[in-house]
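Subject: Structure for your review

Dear colleague,

Please find below the structure that I am handing over to you. My notes on what was found in it follow directly after.

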Amino acid sequence: METNNAPTFNLPRLPSLPASSANHLLASIDIGTNSIHMAVVRIEPKLPAFSIVAREKETVRLGDRDLDTGNLKPELIERSIAALHRYQTIARGLAVDEIVAVATSATREAPNGREFIDRIHDELGLEVSIISGQEEARQIYLGVLSGMEFDRQPHAIVDIGGGSTELILGDGQEARSLSSTKVGAVRLTQEFVTADPIGDRQFEVLQAYIQGALDRPASELRACLQPDETLRLVGTSGTIEALANIIAIDETGHEPTNLNGFCFSRASLAKWVERLRRANRSERRAIPGMHERRADILLAGAMVLLTAMEKLGADEIALCERALREGTIVDWMLKRGLIEDKLRYQSSVSERSIYKLAQKFRVDLTYSERVAEFTLQLFDRTRGALHEATDRDRELLWVAAMLHNCGVYINHASHHKHSYYLIRHGELLGYTESEIETIANLARYHRKSLPKKKHDAFNSLSDRQRDVVRRLSLLLRLAIALDRRHIGAIADLNCQCHRDRLQLLLTPKDADDPCDLERWSINENKPLFEQELGVQLVETLARA
């Protein structure tokens, strides 16, 4: 539960888009477990809003991974890169200004997922962010809110993908519950369905597995409801769209031109689960409205949805055609300050996530805020001289400074290593997996040894990330030294960087305090600092 007295953290925003740039085109790509999608939108900053210009979808089935190794299969990687190249060509033809891309369940879980992302970068020059399950849920929520009014009534969003299912509870304000569970249409079909049609025993085992997997997230979602609240259900993404299309044709006799807002009942869904389990592949493909590539995996997806509706006590579900791709666009707009009213609360989701993690691990926030302030001062005064880091890197460094000591919660011995683990697995919202890895590594190297390539976590970073961690972690070390006694002995820091010399002028809070421990700590770090950055470090204590 959040407290009401959380401090306000003013994180730096990315460069804003000029309000006059009404023709700014953005492409959003979602590399999913079953399909790769792209939406091209026109950003309208004055509203603020966006309108869909084009949509693309290609079923590549990345989630059909090697059963022995868990790796993405080479042929599916090739097919995915070809699809992304085609999307790039389309985006260029539309004169798109920027492309943002995220990868989800299949890529983040595969041992060779990072190699896949690196190949995309090397061959296409496309930056793809791997996002965590909770971050995926958050962005799905943003996407749904961009296309549906909740009127402050609680809505549960069910998003069934190829590799995972996200359950989200919100009322148009901040999400009350975000969860991601490893049950998806492709994953379940690959692991549980070997007969065609599925046998009774296999069906029972699959049903029991889905029941067990969804029990906890559904219970946690329901626990966030008030006793007098009525829950409404919203479904998003390919599996539920496919089911809605089939049910609409069955009930109306024709294919709907627009599925957004279409509702169907739990009873109708249960009927179709029975029909799908009895049908073989050719019979499923002959169902009106069935997409050929969806025929093999739709039963598992339908079972997930039926189980979710049962556990949430919902008799009906409404479809929303906006989801992760649109949520990525909204998130992009939030980070550039383009959304000030509707969804305004989301612009501080990162800060609240950091505060909650700090609170969970009993971080001394007063101390951490002093260290963070010193760290940013050092960053700003040395940019262009000792590093070329970006504003986004500055934010990641700030987060690392705030959380660098959280490992003490486990044990003071080697607490820098514990801090790495807690940050890495702490589900920070608003950051990609790559950014969380950078934050965790920055915190990991705030003391003891410098980064080494033999350190697996450090070695997993890209060349640029390694350079950022190597340089900025040294600034964090200096900032920590400036408050070695955790009492705020240094009231003010004046930092000047000239050519090969970094001058620190320290003003003590107490004019009679020689700040011996802080100065000793700075000098302890001096050899490492000078060796790595090639600059002479000089500190001086100011006197009244």
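This is a predicted model: local features need pLDDT of at least 70, side-chain atom pairs count only at pLDDT 80 or more; totals for chains, interfaces and linings use all residues.

Leaving aside residues up to four places away in sequence, which residues does threonine 375 touch? They are Leu397, Ala401, Leu476 and Ala479, where contact means heavy atoms within 4.5 Å.

Residues are numbered from 1 along each chain as its sequence is written, and side-chain values use heavy atoms, with hydrogens and water left out.

Threonine 375 is placed in helix α13 (residues 365-382); helices (H or I, at least four residues) and strands (E, at least two) are DSSP runs, numbered from the N terminus. Threonine 375 counts as buried because its relative accessibility is 0%. The term buried stands for under 20% relative accessible area, exposed for over 50%, and partly exposed for what lies in between, with a 1.4 Å probe and protein chains only. A polar atom of the threonine 375 side chain lies 2.6 Å from the backbone oxygen of valine 371. 

Threonine 165 belongs to strand β7 (residues 165-170) and, at 1% relative accessibility, also counts as buried. Its side chain reaches the backbone oxygen of valine 183 at 2.6 Å. Not counting residues up to four places away in sequence, threonine 165 touches Val158, Asp159, Ile160, Ser179, Ser180, Thr181, Val183 and Val304.

The expected span of a helix is 1.5 Å times one less than its number of residues. Eleven of the twelve residues of α16 are buried, so this helix is largely enclosed by the rest of the structure. Among the buried residues are Ile436, Ile439, Leu442 and Arg444. Their cover includes β5, α14, α15 (415-424), α17 and α18.

From helix α14, I would point out alanine 400, which counts as buried because its relative accessibility is 0%. Apart from neighbours within four places in sequence, alanine 400 is in contact with Ile439, Leu442, Ala443 and Leu476. Between alanine 400 and proline 451 there are 15 Å in space, C-alpha to C-alpha, and the two are 51 residues apart in sequence.

Helix α18 covers residues 463-481, 19 residues in total, and reaches 28 Å from its first C-alpha to its last, close to the expected 27 Å. This helix is mostly covered, with 14 of its 19 residues buried.

How many residues line the largest pocket? The pocket has a volume of about 1800 Å³ and is lined by 47 residues, of which Ser132, Gln134, Gly426, Glu427 and Leu429 are the closest to its centre. A pocket is, on a 1 Å grid over the protein atoms alone, an open set of points where a 1.4 Å probe fits, with protein on both sides within 12 Å along at least five of seven lines; lining residues have an atom within 4 Å of a point. Grid points are joined across faces, edges and corners, and a volume is the space filled by probe spheres set on the points. Helix α12 gives the largest share of this lining, six residues.

The second largest pocket holds about 1300 Å³ of space. Of its 44 lining residues, Glu127, Val128, Ser129, Thr432 and Glu435 are the closest to its centre. Elements giving two or more residues to this lining include α14, α16 and α18.

Backbone features in loops

The peptide bond from aspartate 196 to proline 197 is cis, with omega near 0°. Proline 197 lies in the loop between α5 (185-192) and α6.

Two residues other than glycine have a positive phi: lysine 448, near 60°, and cysteine 515, near 55°. Is each of them buried or exposed? Lysine 448, in the loop between α16 and α17 (456-459), counts as exposed because its relative accessibility is 54%. Cysteine 515, in the loop between β13 (501-508) and α19 (516-533), counts as buried because its relative accessibility is 0%.

Yours sincerely

Technical notes: A polar contact is a pair of N or O atoms within 3.5 Å; within protein, one must be able to donate a hydrogen and the other to accept it, and residues adjacent in sequence count only if both atoms are side-chain atoms.
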